[in-house]
Amino acid sequence: MVCNECKKSIAKNSNYCKYCGTKVEKIKAAPVEGKADDGNPLLFREVEITEEEADTGAERILEFDGALEPLHIIFPKLFCTGQLFMVKKYKFLNEQGKKYKKNILIRVNIA
């Protein structure tokens with residue numbers, strides 16, 4: 001990072017320039033086009049499963065707004081309520097037609 005006042009190189013995490021003492025103004029980077037920037041690093045979904053499905057295993061197809069295709073997930077047998085499943089880097093399409101990836105966290109509830 002460079003000090004705006006004296007133009008010398010300073011550390012990225014500096015609050016003040018070590019050379020001239022000027023307070024460093026931190027500028028938030030603009031979102032990268034094609035990436036989701038809704039402030040939430042992942043999507044969250046709860047799925048209800050019957051007790052019988054919990055004992056034998058279950059399949060679900062989940063729809064997400066903007067997803068390129070529905071998510072087909074297979075839950076293993078012998079899982080319990082509150083168990084979490086993570087789907088990493090699932091593909092989505094934003095309003096401008098650019099592809100991006102987002103993680104999905106799924107919590108299972110046994111009804």
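Strands E4 (84–93) and E5 (99–110) each supply at least two residues of a positive patch. Strands here are DSSP runs of at least two residues, numbered from the N terminus. E4 gives the largest share of the patch, three residues.

A word on the source. This is a predicted model, where local features need pLDDT of at least 70 and side-chain atom pairs count only at pLDDT 80 or more, while totals for chains, interfaces and linings use all residues. Residues are numbered from 1 along each chain as its sequence is written, and side-chain values use heavy atoms, with hydrogens and water left out.

Back to the patch. Which residues gather there? Lys 88, Lys 89, Lys 91, Lys 99 and Lys 101, on the surface. The rule for a patch: residues with over 30% relative accessible area and no salt bridge, like charges being joined within 9 Å. Lys and Arg count as positive, Asp and Glu as negative; His and the chain ends are not counted. The place of a Lys charge is taken as NZ. Areas come from the Shrake-Rupley method with a 1.4 Å probe, and for residues only the protein chains shown count as cover.

Take Lys 88. Lys 88 sits in strand E4. Is Lys 88 buried or exposed? Exposed, because its relative accessibility is 63%. The cut-offs are these: buried is under 20%, exposed is over 50%, and partly exposed lies in between.

Now the two strands together. E4 and E5 pair in the antiparallel sense, over eight bridges. Pairing requires that DSSP finds at least two bridges between the strands. Met 86 stands opposite Leu 105 in E5. The hairpin of E4 and E5 has five residues between the strands, and Gly 97 takes a positive phi there, near 85°.

Next, salt bridges. Side chains of opposite charge can pair when their charged atoms come close. The cut-off: a side-chain nitrogen of Lys or Arg within 4 Å of a carboxyl oxygen of Asp or Glu. How many salt bridges does this rule give? Two.

One joins Arg 107 and Glu 46, at 2.3 Å from N to O. Arg 107 is in strand E5 and Glu 46 is in strand E1 (residues 42–49), so this pair ties together parts 61 residues apart in sequence. Arg 107 is partly exposed, at 30%. Glu 46 is partly exposed too, at 40%.

Arg 60 forms a salt bridge with Glu 53, and their closest N and O atoms are 2.9 Å apart. Arg 60 counts as partly exposed at 22% relative accessibility. Glu 53, at 21%, also counts as partly exposed.

Notes
Patch = residues over 30% accessible without salt bridge, like charges linked within 9 Å, V, L, I, M, F, W, Y side chains within 5 Å. Helix = DSSP H or I, 4+ residues; strand = E, 2+ residues; numbered from the N terminus. Buried < 20%, exposed > 50% of the residue type's maximum accessible area, 1.4 Å probe, protein only.
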